[in-house]
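Subject: Structure handover and findings

Hello,

Here is the structure you asked for, with the sequence. My notes follow below it.

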Amino acid sequence: MRNSLLKIAIGISCAAMFSVSHADVATINKYYKNPKLAPKVQRCKGNQDCNAFYALSKQWQSTPNCLKTSYGADCETKKQAKDGDGYGLWKGGYFTDTYHLAEAGEAVFYRGGAASKADERIFAQGLSVLYYLESKNGNR
């Protein structure tokens, strides 16, 4: 009886983790593919790409710890996002499909390095999601 309950609890936990992870990736794709669906952020002043960048930045934890890139494994991007290192991610950044989102995020949440540490953290977290999207599309 005890083993059965333990197996059921483990199964429910695994299913819950999978559904949460899947939902986050679905949210990433939703805002990436259609920035108009992103919640409006007052600081973005109506810029849909900025709204999408901010919404994507909130999903940074659902990205993998290591990204598969054309250069090999990248296991630093998520760490830099956690550390709020927007400068490090931006200076090494190369964006093809997500360039418009990166530029919109930079204008509000980094501003050439003039932003606050809190804003730079948002910028770093948003860039980490853009790196993830680029790696999924084979651009990085």
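A residue is called buried here if its relative accessible area is under 20%, exposed if over 50%, and partly exposed in between, with a 1.4 Å probe and protein chains only. This is a predicted model, in which local features need pLDDT of at least 70 and side-chain atom pairs count only at pLDDT 80 or more, while totals for chains, interfaces and linings use all residues. Residues are numbered from 1 along each chain as its sequence is written, and side-chain values use heavy atoms, with hydrogens and water left out.

Aromatic rings

The structure holds seven aromatic pairs. Rings of Phe, Tyr and Trp (its six-membered ring) pair if their centres lie within 6.5 Å; planes under 30 degrees apart count as stacked, over 60 as edge-to-face and the rest as tilted. One of the pairs is F53 with F109, stacked at 6.3 Å centre to centre and 20 degrees between the planes. This pair links distant parts of the chain, with F53 in helix 2 (residues 48–57) and F109 in helix 5, 56 residues apart. Helices are DSSP runs (H or I, at least four residues), numbered from the N terminus. F53 is buried at a relative accessible area of 0%, and F109 is buried at 0% as well.

Y110 and F123 are also stacked, at 4.9 Å centre to centre and 15 degrees between the planes. Y110 lies in the loop between helix 5 and helix 6 (117–136), and F123 sits in helix 6, 13 residues apart. Both count as buried, Y110 at 7% and F123 at 0%. These four residues belong to one aromatic cluster, together with Y54, W90, F95 and Y131.

Helix 5

Helix 5 covers residues 99–109, and its buried residues include L101, A104, V108 and F109. After the helix comes R111, whose phi is positive, near 50 degrees.

Disulfides

A search of the whole structure finds two disulfides, a disulfide being a pair of cysteine sulfur atoms within 2.5 Å. C44 and C50 have their sulfur atoms 2.0 Å apart, and their link is left-handed, with -60 degrees about the S-S bond. C44 is buried at 4% and C50 at 0%. In the link of C66 and C75, the sulfur atoms are 2.0 Å apart; this link is right-handed, with 115 degrees about the S-S bond. C66 is partly exposed at 39%, as is C75 at 37%.

Regards

Definitions and conventions
Helices (H or I, at least four residues) and strands (E, at least two) are DSSP runs, numbered from the N terminus.
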